[in-house]
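Hi everyone, thanks for coming. Let me put the model up, and then we can walk through it together.

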Amino acid sequence: MTVISDIRKDGSVTSAFDIDRIRADFPILSQTVYDKPFVYLDSAASAQKPRQVIDAITRTYETEYANVHRGVHFMSQKATDTMEAAREKVRAFINAADPREVIFVRGATEGINLVASSWGRQNLTAGDEIIVSEMEHHSNIVPWQMIGEQTGAVLKVVPVDDSGMLMMDEYKKLISARTKMVAITHVSNALGTVTPIKDIIRIAHENGVPVLVDGCQAAPHMALDMQALDADFYVFSGHKIYGPSGIGVLYGKAELLEAMPPYQGGGEMIDTVTFEKTTYADLPFKYEAGTPHIAGAIALGAAVDYINAIGFDAIVAYEHDLLDYATEQLGAINSIRLIGTAPQKAGIISFLLGDVHPHDVGTILDREGIAVRTGHHCAQPIMDRFDVAATVRASFGLYNSREDVDALVAAMGRVQGIFGQ
Ligand code: C6P
């Protein structure tokens, strides 16, 4: 396990954040692509995995794998215990009051669909309003539109200013007696904006409205505290916090989850079944129909352990410095236009180079061994807001270094030369 603060023999402490040791935990980062060092700047799409997470997957399948919550046999009990220990790790990671409030889902998308469908079917009727923001990922727009089509509820959209900040005055104006849900991101995946989520929740609650927070891009970059935040629902994906894909978390307040109907029916989520009537299992299993992603949940626990061993104090300080450095270096290239310049940002820089198409930029960067994402980032409405079809997006994880930023900046200089910008 990486230890960030190393005590030297003479008692002095080495650098607070040993980036070389962290990078050594991520086997994929030592690869070359096209004979160039691999520079991975696409962690917002999916983060790379440390050896500790990879080992947890292998260990599960080699030593403690069987179906969970069903078997009386030793191996099933072992797998169940390890998976439930992972749930407890996630509970502590987000400071939820109770592990029953931690539902394992496939990812943020499934978590939002679960709430939109189960909570929405029970609570929405024609004329009701769901408040979202202009910078939501499609995963926090489309599920609400779908339940709106079934119930007659409609979306209301909080606009974003030219820097990419949520316009809080407009938000306050939108809340009314018709508002039944506020569904807003904690960090924008297209702009990197950190929203004032605590204020958003407080204002919603003053109006008696529950809040779902899309925490997909926040969970890798900041400590989360469900009890302090007072979110009603909070979702994030394991693969963005250095865990496996196919596993994620829906946090929900127990009283809300208890009141809602199940999302899917099947094994695991029942108490008793007859042809006349089925009764449902208690939380969290009521929302975990079918065999879960057992190794995924266990390895998500290992990802949480990994982050905890470094600690968010060190991660936040390091990533903040890196983002400032990258913003300064890229911003110094005169034909670069940054999209999203809010004062509070995390992990993401979106930009355009003159009138060069982002896909062309991304393709050239790729040949230099640099992985960025180009496109609308599954957030088309915010692209429309900035009147662009796509951006180049560099996004950072705790393993990125200033050398990665330097490689990007040098390569952007070459792209500039190619296109005469
Ligand atoms: N954003 C990106 O490159 P899933 O696919 O369920 O793990 O996460 C969906 C999702 C929801 N909300 C936000 C804010 C997100 O950023 C994402 C995933 C990736 O930006 C893939 S499109």
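Let's start inside: the largest cavity is lined by Ser43, Ala44, Ala47, Gln217, Pro220, His221, Lys240, Tyr242, Phe396 and Gly397. A cavity here is a set of points, on a 1 Å grid over the protein atoms alone, where a 1.4 Å probe fits but cannot get out, and lining residues have an atom within 4 Å of a point. Its volume is about 40 Å³, counted as the space filled by probe spheres set on the points, with points joined across faces, edges and corners. The structure has one cavity of 30 Å³ or more.

A word on the source: this is a predicted model, where local features need pLDDT of at least 70, side-chain atom pairs count only at pLDDT 80 or more, and totals for chains, interfaces and linings use all residues. Residues are numbered from 1 along each chain as its sequence is written, and side-chain values use heavy atoms, leaving out hydrogens and water.

How far can we trust it? pLDDT is the predictor's confidence in each residue, from 0 to 100. The protein chain has a mean of 95, with 96% of its residues at 70 or more. Residues 1-15, though, fall below 50.

Definitions and conventions
Contact means heavy atoms within 4.5 Å. On a 1 Å grid over the protein atoms alone, a cavity is a set of points where a 1.4 Å probe fits but cannot get out, and a pocket is an open set with protein on both sides within 12 Å along at least five of seven lines; lining residues have an atom within 4 Å of a point.
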